[in-house]
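Keep the structure open as you read.

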Amino acid sequence: MNTKKAIILAAGKGTRMKSDLPKVLFPVLGKPIIEYVLEALAPLELAATAVVVGYRQDLVREALAWWPNLQFCEQTEQLGTGHAVRSCHDFLAASDSPVFVVAGDSPMLQTESVQKLFDLYEQRADQGAVPGVILGTAFKDNPTGLGRILRDEAGDFAGIVEEKDATEEQKRIREVNMSYYLFRSSSLLNALDALRPNNAQKEYYITDVPAIMRKYDLSVFAEPVLHAFESFGVNTLADLELVEKAMRERQP
């Protein structure tokens, strides 16, 4: 029985898009951004998919009403990505399944990449080491603006350092965090309980969860199975143009 799940974060306004339209509904080559994410997940035939809604949620719900097997979780306050995932507590608690978490403004997401993460999860579970989380990473020739993956001497995941906090040596690391996560539901729920807004914005960040899991001796893996182009997200109108250009170049 397929118990795999996904959570798509779609509650944000996208202030830098200079529009009242929810960011995930901005059209990319004539189609809302979030539809590309849903289309990438569709071939996996997941047991359930939750969409976190917040800002102008009526528009998001209406736009996605025709999609099968969707649930909606409401984020009542915009308090960060970790808070958004926490709004899916009941969805996560329903079964201790692997759950893929991704932002709804990730239109370059590829089905094969998500499948690789689920395959790695199952392989490790079969070996008796169920992951707390697997981070999907990639190597980029120009990693500017992205968090770098830190590894220990054995090559195992040691942490994520954001560019603003990185040393000059760390900035030369080419392996980057892509914000694609595959969690074990129970491990994620426990880590979310321990998540604190220890930052200037006083928000709860999903990027802090792997460190919490390591603190509690849960297995955390970083696997460079993603394509570099999958890092293209949409935060500004300039990003939108770049994504459309990348999509046109990939069209046969």
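Does Arg 151 count as buried or partly exposed? At 31% relative accessibility, Arg 151 counts as partly exposed, where buried means under 20% relative accessible area, exposed over 50%, and partly exposed in between (1.4 Å probe, protein chains only). Before going on, a word on the ground rules: this is a predicted model, in which local features need pLDDT of at least 70 and side-chain atom pairs count only at pLDDT 80 or more, while totals for chains, interfaces and linings use all residues. Residues are numbered from 1 along each chain as its sequence is written, and side-chain values use heavy atoms, with hydrogens and water left out.

Back to Arg 151, which forms a salt bridge with Glu 175, the closest N and O atoms being 2.8 Å apart; a salt bridge here is a side-chain nitrogen of Lys or Arg within 4 Å of a carboxyl oxygen of Asp or Glu. The two sit 24 residues apart, Glu 175 in strand β10 and Arg 151 in strand β8 (residues 148-151), so the pair links distant parts of the chain. Strands (E, at least two residues) and helices (H or I, at least four) are DSSP runs, numbered from the N terminus. Glu 175 is buried, with a relative accessible area of 5%.

A search of the whole structure finds 11 salt bridges. Another one joins Glu 122 and Lys 4 at 3.2 Å, N to O. Here Glu 122 belongs to helix α5 and Lys 4 to the segment before β1, 118 residues apart. Lys 4 counts as buried at 15% relative accessibility, whereas Glu 122 is partly exposed at 37%. Lys 31 and Glu 39 also meet in a salt bridge, at 3.0 Å, with Lys 31 partly exposed at 23% and Glu 39 partly exposed at 34%.

Now for the inside. A nonpolar core is a set of buried Ala, Val, Leu, Ile, Met, Phe, Trp, Tyr and Cys residues joined through side-chain atoms within 4.5 Å. The largest one has 35 residues, and among the members touching the most others are Ile 8, Ile 34, Leu 41 and Phe 100. Elements that each supply at least two residues of this core include β1 (5-9), α1 (33-41), β4 (48-53) and β6 (98-103). Take Leu 41: leaving out residues up to four places away in sequence, it touches Ala 6, Ile 8, Leu 46, Phe 100, Leu 109 and Val 114, contact meaning heavy atoms within 4.5 Å. A second, separate core of 32 residues includes Ile 7, Leu 189, Tyr 204 and Val 209.

Leu 189 also shows up in helix α7 (residues 185-194), where Ser 185, Ser 187, Leu 188, Ala 191 and Leu 192 are among the buried residues too. Their cover includes α3 (81-86), α4 (89-93), β6, β10 and α8 (209-215).

One last stop is Ser 97, in the loop between α4 and β6. Ser 97 counts as buried, at 1% relative accessibility. Beyond its neighbours within four places in sequence, Ser 97 is in contact with Thr 3, Lys 5, Phe 183, Arg 184 and Ser 185. The backbone oxygen of Thr 3 lies 3.2 Å from a polar atom of the Ser 97 side chain. Asn 2 has its C-alpha atom 9.3 Å from that of Ser 97, although 95 residues separate the two along the chain.

Conventions
Polar contact = N/O pair within 3.5 Å; in protein donor to acceptor, adjacent residues only side chain to side chain.
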